[in-house]
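Me: I would like to learn how to read the features of a model like this one. Please take them in turn, with the general idea before the case.

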Amino acid sequence: MEGHLIEIRDLKTYYPIRGGVIGRAKNFVRAVDEVSLFLRRGECLGLVGESGCGKTTLGKTILQLEKATAGQILLDLSGKLQDITALRGKRLKRLREKLQIVFQDPSTSLNPRMLVKNIIGEALAIHHLARGRERITHVSGLLKAVGLNEDHLMRYPHEFSGGQRQRIAIARALATNPDFIILDEPTSALDVSVQAQILNLLIDLKNELNLTYLFITHHLLVVEHVSDRIAVMYLGKLVELSKTSDLFRRAFHPYTIALLSAIPIPDPDMQRERIILTGDVPDPIDPPTGCRFHPRCAFAETLCREVEPQLEDVGGGHLVACHRREAVAKKYGIEV
């Protein structure tokens with residue numbers, strides 16, 4: 001559709017579990033299972049959920065760091081949406097200029113044996129975007145854009161603080177002038193005060209360069225601060241998707257409501273009902289029938305155990321996959 005940079009349609013990413021003498025696939029880990037969503041050009045979509053729900057796998061599959069088992073990933077290339085899942089070789093290499101990622105822990109994502117000038121400049125060399133003095137000048141400009149300076153060019157990653165290393169990782173992601181950046185828990189390894197600085201930097205860069213972000217996190221307060229819309233993921237499936245303000249005002253899915261109830265309120269006089277989910281997250285190798293959340297859901301009934309709910313619009317583009325959303329809304333006084 002017009003204005004969409006990326007469209008994901010029925011995306012699956014399964015990992016085979018092999019056994020026997022010839023290593024035949026006996027089963028699969030269903031990391032991402034029939035996920036559909038889109039990102040508008042220039043927006044930030046937050047992706048939240050528990051550890052192991054498939055958030056990072058979804059991000060890596062979009063970038064083709066993991067291969068999709070089924071489905072389509074459509075990218076706006078020269079004004080036309082094209083499926084990129086079948087790209088290989090030089091065509092895929094050219095695509096990587098426009099799609100980048102910032103990983104969670106900069107201490108492991110930056111090569112400890114490379115100088116900063118080479119860490120950031122490596123992509124420029126690989127894609128033949130700049131050489132010689134021009135490359136150094138471009139790298140210096142990227143360092144300034146993320147709040148560092150030319151003195152840092154000839155240093156190694158271990159000579160920087162965690163926040164500075166993450167700034168270097170962001171500069172590296174910006175080197176090829178991308179349209180889309182996946183931010184995979186970019187602040188979770190940092191101190192709280194430094195987190196705020198990095199978040200503000202990311203927001204400023206997004207506005208200045210018209211970037212599109214997929215912001216992966218488990219921290220709802222962070223995603224509220226940076227995201228235009230939020231998608232909630234559970235066991236490989238999307239269960240809710242809406243504008244950020246709408247989700248915090250009237251979430252419908254019991255899982256989303258439980259996540260929101262865990263957000264601390266900075267006021268000792270205010271009380272919020274804390275919803276504690278019972279049981280463990282089901283096995284992604286053998287997910288439950290029907291709604292995947294039903295073994296931990298207080299509202300589950302027979303329909304939930306037998307029929308998988310589909311994402312349905314409850315108004316204003318707010319999508320929810322829950323058979324019992326009306327009962328949930330009544331219980332928590334949510335405006336329908």
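Me: Which residue stands opposite Leu99 in strand 7?

Reply: Strands of a sheet pair through backbone hydrogen bonds, either parallel or antiparallel. Here two strands pair if DSSP finds at least two bridges between them; helices (H or I, at least four residues) and strands (E, at least two) are DSSP runs, numbered from the N terminus. Leu99 stands opposite Phe180 of strand 7. Strand 6 and strand 7 (residues 180-184) are parallel and share 4 bridges. This is a predicted model, in which local features need pLDDT of at least 70 and side-chain atom pairs count only at pLDDT 80 or more, while totals for chains, interfaces and linings use all residues. Residues are numbered from 1 along each chain as its sequence is written, and side-chain values use heavy atoms, with hydrogens and water left out.

Me: What is the strand order of the open sheet?

Reply: The 8 strands run 6-7-8-3-9-10-12-11, with mixed pairing. Strand 6 (99-102) and strand 11 (312-313) are at the edges with a single partner strand each, so one side of each has no neighbour in the sheet.

Me: Which strands does helix 6 touch?

Reply: Contact means heavy atoms within 4.5 Å. Axes are lines fitted to C-alpha atoms, for helices over the stretch in contact, and angles between N-to-C directions run from 0 to 180 degrees. Helix 6 (residues 162-174) packs on the sheet against strand 6 and strand 7, and its direction makes about 175° with that of strand 6.

Me: How many aromatic pairs are there?

Reply: Rings of Phe, Tyr and Trp (its six-membered ring) pair if their centres lie within 6.5 Å; planes under 30 degrees apart are stacked, over 60 edge-to-face, and the rest tilted. The count is 5. One of the pairs is Tyr234 with Phe293, edge-to-face at 5.2 Å centre to centre and 90° between the planes. Tyr234 lies in strand 9 and Phe293 in the loop between helix 10 (254-261) and helix 11 (302-306), 59 residues apart. Ring pairs join Tyr234, Tyr255 and Phe293 in a cluster.

Me: Is Tyr234 buried or exposed?

Reply: Buried means under 20% relative accessible area, exposed over 50%, and partly exposed in between (1.4 Å probe, protein chains only). Tyr234 is buried at 2%, and Phe293 is likewise buried at 2%.
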